[in-house]
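Subject: Structure handover

Hello,

Here is the structure you are taking over. My notes on it follow below the model.

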Amino acid sequence: MTYSDLLRSSRDNCGFGLIANIDNTPSYQTLTRAITALERMMHRGAIAADGKSGDGSGLLLSMPREFMRSVAIKGGVELPDLFAVATLFTKRKNRLDTFCDICAANDLKVVLKREVPIDTEALGEQALESLPHIYHMFVVPNSIISTQRFDALLYLSRKEIEHALFDDDDFYIPSMSSRMISYKGLVMPTHIKEFFLDFQDEQFKISFSLFHQRFSTNTLPKWKLAQPFRSIAHNGEINSVEANRFNVKVKSESIKSEVFSRKELDRLLPILQQDMSDSASADNFFEFLIVNGMDFFKAARAVIPAPWQNAPHMDPDLRAFYEYHSTVFEAWDGPAAFSLTDGRYIGCVLDRNGLRPSKYVITHDNTLLITSEYGVIDLREDEIKERGRLQSGEMIGLDLKFARVLKDTQINDYLKSSNPYMKWLNTHMIYLQEHVEDQYGAKYNIDQDLLIAQQRFYNITQEVIEQVIEPMIKEGKEAVGSMGDDTPLAAFSDKQRSFSDFFKQKFAQVTNPPIDPIREKVVMSLNTGFGEIHNILDELPSHASRLKAISPILTQEKLKVLKSFGDEESPCYEAHYKHAVFETTYKTDLKATLDALTTKVIKSVKKDGIRIVMLSDDGFSSELKTIPMLLAVGRINQELLRYNIRHLVSIVAVTNEVVDSHSTASLLAYGASAVHPKLLFATVEQLVESRSYLQLSTSDAHKSVLSALNGGLLKIMSKMGISTLASYRNSSLFDVLGLSSQIVDECFCDSHALIPGLGYSDIDKRIQKVHQDSFDKRGFGSIFPLKIGGFYKFYNGSEYHDFGPDIIHAIHDLSRSAKASDYAKLRGLIAGRDRKFIRDFFEFKSDRKSIPIDRVESSKTILKRFASAAMSLGSISPEAHECIAEAMNELGGQSNSGEGGEDAARFKTNKNSKIKQVASGRFGVTPAYLRSAEEIQIKVAQGAKPGEGGQLPGHKVTPLIAQLRHTVAGVTLISPPPHHDIYSIEDLAQLIFDLKQVNPKATIAVKLVSTAGVGTIAVGVAKAYADKIIISGGDGGTGAAPLTSIKFAGNPWELGLSEAHNALKANGLRELVSLQADGGLKCGIDVVKAALMGSESFAFGTSVLTIIGCKMLRICHVNRCSVGIATQNEKLRNEHYKGTVEQLKNYFMLLAEDVREILADLGYESLEQIVGRSDLLKVLKDERSNKFDFSNILHKESGVETCQVDSNHPFDNNSFEHGVLDEARSIIKKPSGSIRITREICNLNRSFGALISGEIAQYYGDKGLKDGSINIELTGIAGQALGAFLINGVNIYLNGVANDYIGKGMHGGKIIIKTVHSGEEFSGGGNTCLYGATGGKLYLNAAVGERFAVRNSGALAIVEGTGDNACEYMTGGIVVILGSTGINFGAGMTGGVAFIYDEEHNFIENVNRELVEAVRIDTDDGDEARHYLKRLLKEYIDETQSNKAEEILSSFRTQIRNFWLVRPKNLTKLPLSQEKGD
Amino acid sequence: MREFLTTSKIDPKKRLVVERTKDFNEIYEPFDKHSARAQSERCIQCGDPFCLNKCPLHNFIPQWLKSIAQKDLEFAFKLSNEPSPFPEVMGRVCPHDRLCEGDCTLNDGHGAITIGSIETFITTEGFKAGLKPDFPGVTTDKKVAVIGSGPAGLSVATYLLRSGIGVDMYEREDRAGGLLTYGIPNFKLDKKIVQHRVDLLLEAGLNLHLNCNIGGDVAFEDLTRSHDAIFIGIGATKAKRASLKGEDANNVYSAMEYLTAIGKKNFGKKYDKAFDFKGLKVVVIGGGDTAMDCVRTATREGASQVTCLYRRDAANMPGSSKEYKNAMEEGVEFSFFSSPKQILTNSKNIATGIEVIKTRLSSKDESGRERIEQIKSSEYNIEADVIITALGFDVEVPPFYASNGIETNEWGEIVLDENHQSTTAGIYAGGDCYRGADLVVSAAYDGREAASAIVKSLL
């Protein structure tokens, strides 16, 4: 992808759904209902100011046969029984000839071309500019033969036409089918009926429709990217799409079809169209399976399998179905709700994590409606037969032929019994584990001298042993560190670095969520198989042949077993596992050896039948160096694919290079099936034998290391939102920094090559040098032979650290003395570091003459652009937190509360943090907190560990912190990896909307971490109405994080900032948002360079801590910070915290002066004038700098450079609630008595309650108004986030149902939802209700969706059923569920309690018992709980008249036996108070 | 680790003053295993190990502290003996409070880690446990001459021998060790310890030539002919003069004369009896470590009164504050803000006392140190039977420098390039003859770096 394409690329999320008449009876009403549903989900798409331009919408309809016939007759053609209509987008009319010619060549006849009648009035400007001609091509079979295989020929023709017109970007075939037709385009749902005149004809009768409203992250939407595609409509994002695309190519190699001949297959391949979206790729693949005769449901579940690997509750036969299919299929993994159809069946399937809403309604008149939201068409309650939702991994289907709705269990029954999968597996599948006696028992016994040389060559330093390996041995977990990464990129370093250092992990942000590999482990798997990828279109017993391992990391024993199956001499030998070992050693020429090795591997696969390629660097010696394993794996993987033999082979890396999860993951992501980390295991053995303090056996140590690596792998996969290793392998999910384009093209071509630089010969030179050094026996190192290290911590003479001792001393000195001379010392150190960071390669090149400094804007105005980076009270001490706030306020800058609340007593003082952060834990996020902010920052990712959650251990949770975070002292607080209300861009838009209601004056900022593609995300964020975007460097971060995340995830900020700035410009959105850079900024030169690259303001994290005394201990995570900053220890805080407001002021004043001097030098009066002026920078000219290509970073799109608006207003002005607020205002002004307001509500009225609550919080703080002051009675179906941030004194009574996020961030008041269709059978609310609630009550007499009460810390809730993951991360509050729950209940729940009514006695299976226990309450001990519950139920009945609760209460003595009380294991005193659960 | 909140800093025990001033034995009792471990466990293991950064040798301090905490003496021994040629010496003589311990993260109220004492502990205990640094023997045909057996010479010899290179070491005194042997009193550094190191080197193949003065006994040119490289480590041994009237009086001595004489006395060798100061009033001029060595030696030698004259105050003394404290404890009198004006002599050219003028501190100079200003009309006299000047050292410039093209700067210090090589190829140098009077640890560093360069050029 070119840089220009990258700036303009997009990701899409959306609202979607389907509607079908179960009896397959066509009607015009089905069409109008589909259109209405689309209109009612407009807020899930993007809308421009003119109300006409958006990112596209569309409908995939069952063929309106009668309509088409009559149209054809008007055109003079009488259609036969069998006909198809293709929809065509083209700008050039001669393309129609190509279309007709290819059809003719395939025995098809085009009988009519029809220009589809449209009304261009309905289009926005942009859509009009790019409007293609839209044609309907009527195609019929030309012979008897073609009649029989009409559908196949249609597909073949379409593929051939696509290939023929590949270069024509404007040509596109939205559909070409006899069963379905697509109407889509860059048109808003509200105008689609006007636009397509066909829709105004009541003859246009259809029986079903898939529909879709697109939200693209960019503003350059294309007609062809509108959805639905040919067989699916997708809401979400496929995180694993890179791997899936690669794997489709691999699968294509071995396809044999019953529908198409070999020759035809060759004509129609490749399966995937290039340069299309993730959804389009999924559609291509699914469609291919269907066209080739694969069963509709099997195809659906092959592409989107339910999580089966770690699902003990699943039917074994069903697991067998999945396990069998896992030999050739891997999940298209990520947040996904797919509507799919092949014309006969129609269905909807949800991803394994349940990250997208999918709600269905079945009416008495036999309509099935599945949509993202309830209430998108108006139905009376008495019309409704069923109202439900899909749970994680579930599918619902409709057989149009037999008019049957198929629920998940019925589909599963069909799948599992369609073939004897279990038998096939039993016969053919082999588990390595079964053949292993003691898998950790192996001995390495490497010669000590060689071992040492290997350790030196493969960069196992003393530091790596201490910091990386020993923690794995001791804890069985990856090591944790803190304070970010301050070392240069591998490419810029002149020290020894591992090859995998060039690779930076990708992570999910905004458009897709990361997942929690610990708390939601149930959906994850590292299962690995070895063996051929057989024809995916066949189901044969022999296809079950697989050697399987539960982890891709093989111990020596497992490797031996694997080898024994591929060794002709062995009794276990099977030809399809035949292996050969290829040495990666070389003497002189890296590139030539790599080429030769590749050729050798190809040959052995082709000629010798090698099926398991073992790459080994075993031959390393004083004579022989080794090719970096990752380079070899990447290259061979690509080359095998080029020869179409990738499917035959599994690649195994037996390597000395792997020491941590990062180096493991990179091998897997570029094609390895498994890894044997030989030197790591050997080193562990050596350590255990030589270091008595380790006190454990080698096998225990190996076991620990293995589990640490496994955990690390899960973490790396999950930060990209990928659940299974099969979907991660071949994903190339890394950015490659500093390697030449040639290397990346040849070995890592699916990754972005950033700052292209070092080529084969450069790498070769580096290896030569290290190799020489490794065998250097000259005196030094003879006593202690290892290198000391220096990558993680500072050591003299080793890797450069930008916060090394000298710089720390300099910062301390200057902030104490306030002297310019001391500041100059720091500046000198920074200037003297010599090209360690990207910005160091640039020098100024002004187009103006210098000006006197007095013409430059004052320090005061510059200081306004400075902010402290987010650091929570909790991660740092209250003293430090307040000191920073006070200093920033006095300077006129901003301080950032961080995640974790702030003492309300600070709100109206100069200790108030102007920036309030909203992070995934939502700790302390209350209406008053939000209202006290000048800026609300949504932390989507943080530099230290993008895509990961966090944990504040109980011992750090002091009473103050507990109070701020609405929990109890000593309770561990877990922040989930994703925001559970942002799985997708339209979700972010919703959260921004919520926040803009609760605090209309605040700037809403979104914090992102630099990575290739962050520009696309930034554009989407701007479209979601954020006002400001922060681009954080992947190296930053002050908090604790796994070392591999600190070091290897995320890119330097320069890359992200420049990309975001340019992408916003390319999309014309730069003027709507401002940009801020964050990461390692210290001096004026950093600030000015950041400004030139597009940043308008600047955040300082580590520097700020250093100023107030931090000495870079990097032990923030142990509560022992000796300078009293990163600790809650009273003694350390009181006696050793020495930071002052003055120090911060001194530093920033000097910094601002420095900025002024540089501006004067450049000849500019203000920072504003130079923002985005990358043309004022030029790359240094010398050999080292010339190595790298920085042109993309200095690239300058044309357009406005800075934000030009005060606020990026959402299209929805929320007049609905403004009206309600007007009515309520009298009582807010004069709070006495109470008021009753009634309204009809619909799903377009979102975030209801937030505006009023914010207004009340402004004057009354979090205590709000007197209970029951404002009572709002609603009827209808509420939009998302009903009662968000609700405050005391406001009660919402809804007669109807509500959508997702009910009571999000609720702090007080009541939400009472009464629905006619009640009980656990019916849904009354959506997903993620009560997320981050800190108080209040929610009663709802039906079931709710996934993740109910996630991160609840104070609300009291009663509902009658929930989806999966209920009460996840809960830290307080009380939840009563009078019906069934989904799986993984109470994961990460560290506080609060839940009562579960479990009549079927199957609840206990659903509990995640890591942190909680379920106890009965029909005992003497349960006395208090029992009576408490009874009181709650009585009140619940009063409010909702729940039948279920009445039933229970009427025989309470009996029913009490069916209740479980779930509580955290270490909770001693139940927090049962009548008011709320704290 | 990180037990600094629960364990306080504890220095090793000192012997009682009344006991220790009776002999020349070391005054510190070594750490036992438990204290060494407990003190090591206080270490934070910080991300920026300031200790290691400040140490001229960049010793692997955090790493060996951790090893001791983990009861792994052998590993600590290896870590400690890798970058340092004689850690057990450095643990005793290095001014830790100004270097590693001074910059220790915990030295801001918590109390620095007692790095020096633990350093001493590791190698002392290691030796006891039979551990030894590895020497391969002379495995190459290369040979290097080392002139001077002081810290720089011992260091370069250590690293050369570790590389299998032969070393001829030339020392003009009767014992090896230079300053370590005759400069530093036994109560600070037991001579057995120095000798043990020398023995280890002898065992490793060192050829030691004692009582051999290069340029005298052996011509420098002979060395160049017979060796592949030469290292000069002859120190800075010329006492700085005070330029005072009366300085040449018979009973005014330089510090090094005094310390060497007593050193010899303690070895049971012949020495000049004029240095027996028993019952005399001794005045030492100067405030550095050498001055402390002199006053404390005099105390042990039974002087009736020992006074130290210093122009600034205690806080501004250039040496280790530990030494000042020890001297105080041992009964030395300090006369601060006192600048000698002249030495009062009688007709036999014997000093009888010193005329002193009071001083005060004034504005700071460029380096941030406060200048001294004399207070008018504040002169007074003090009596003295013996006067010792401890005003620092200058380098001596032997004639063979010039004749071999070895350039020096205006102070006579050898000019070196980044490889510690002099202006004549193949001739290296380090220590005080290159730096002027400096620390033992700097000399050890020079020796190590020079060895590294020599090894690179020879092998």
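I start with the contact between the two chains, where 42 residues of chain B are in contact with 39 residues of chain A. Please keep in mind throughout that this is a predicted model. Chain B and chain A bury about 3700 Å² between them, and carbon and sulfur atoms give 57% of that area. Three residues, Arg2(B), Leu5(B) and Asp48(B), supply 16% of the area that chain B buries against chain A, more than any other three residues.

The interface of chain B and chain A holds two salt bridges. In a salt bridge between Asp108(B) and Lys1111(A), the closest N and O atoms are 3.0 Å apart. Polar contacts between chain B and chain A come to 16 residue pairs, counting pairs with both residues at pLDDT 80 or more. On the side of chain B that touches chain A, at least two residues each come from helix H3 (50-54), helix H4 (61-69), helix H5 (73-81), helix H9 (151-162) and helix H18 (440-458) of chain B. H18(B) has the largest share of that side, with five residues. By class, the side of chain B that touches chain A consists of 17 nonpolar, 12 polar and 13 charged residues.

Next, the inside of chain B. Chain B is split into three parts: domain 1 covers 3-128, domain 2 covers 143-236 + 395-458, and domain 3 covers 239-392. I looked at the pair formed by domain 1 and domain 2. The C-alpha centres of domain 1 of chain B and domain 2 of chain B are 27 Å apart. In this pair, 24 residues of domain 1 of chain B are in contact with 23 residues of domain 2 of chain B. The area buried between domain 1 of chain B and domain 2 of chain B is about 2000 Å², and 66% of it is given by carbon and sulfur atoms.

Between domain 1 of chain B and domain 2 of chain B there are two salt bridges. Glu88(B) and Arg197(B) form a salt bridge through their side chains, at 2.7 Å from N to O. There are also 14 residue pairs in polar contact between domain 1 of chain B and domain 2 of chain B, both residues being at pLDDT 80 or more. Helix H6 (87-93) and helix H8 (115-128) of chain B each provide at least two residues of the side of domain 1 of chain B that touches domain 2 of chain B. H6(B) gives the most to this side, with six residues. The side of domain 1 of chain B that touches domain 2 of chain B has 15 nonpolar, four polar and five charged residues.

The search for ring pairs finds 72 aromatic pairs over all chains. For Tyr155(A) and Phe288(A), the ring centres are 6.4 Å apart and the planes stand at 55 degrees, so the pair is tilted. These two residues are 133 residues apart and link distant parts of the chain, with Tyr155(A) in helix H7 (residues 150-164) of chain A and Phe288(A) in helix H11 (residues 278-291) of chain A.

One of the pairs is Asp198(A) with Arg114(A), whose side chains meet at 2.6 Å, N to O. This pair also links distant parts of the chain, 84 residues apart: Asp198(A) is in the loop between helix H8 (189-195) and strand E8 (208-216) of chain A, and Arg114(A) is in strand E4 (residues 108-115) of chain A.

Last, some points on the backbone of chain A. As background, most residues other than glycine have a negative phi, and most peptide bonds are trans. The peptide bond from Gln227(A) to Pro228(A) is cis, with omega near 0 degrees. Pro228(A) sits in the loop between E8 and strand E9 (232-236) of chain A. Leu269(A) and Pro270(A) are likewise joined by a cis peptide bond, with omega about 0 degrees. The place of Pro270(A) is the loop between helix H10 (262-268) and H11 of chain A. Ile755(A), a residue other than glycine, has a positive phi near 45 degrees. Ile755(A) belongs to strand E29 (residues 752-758) of chain A.

Regards

Note on methods
Residues numbered from 1 in each chain as written. Chains lettered and ligands numbered in written order. Predicted model: local features only at pLDDT ≥ 70, side-chain atom pairs only at ≥ 80, totals over all residues. Heavy atoms only, no water. Domains from an automatic or database assignment. Contact = heavy atoms within 4.5 Å. Buried area = accessible area lost by both parts, 1.4 Å probe. Salt bridge = Lys/Arg side-chain N within 4 Å of Asp/Glu carboxyl O. Polar contact = N/O pair within 3.5 Å; in protein donor to acceptor, adjacent residues only side chain to side chain. Helix = DSSP H or I, 4+ residues; strand = E, 2+ residues; numbered from the N terminus. Nonpolar A, V, L, I, M, F, W, Y, C, P; charged D, E, K, R; others polar. Phe/Tyr/Trp six-rings, centres within 6.5 Å; stacked < 30°, edge-to-face > 60°.
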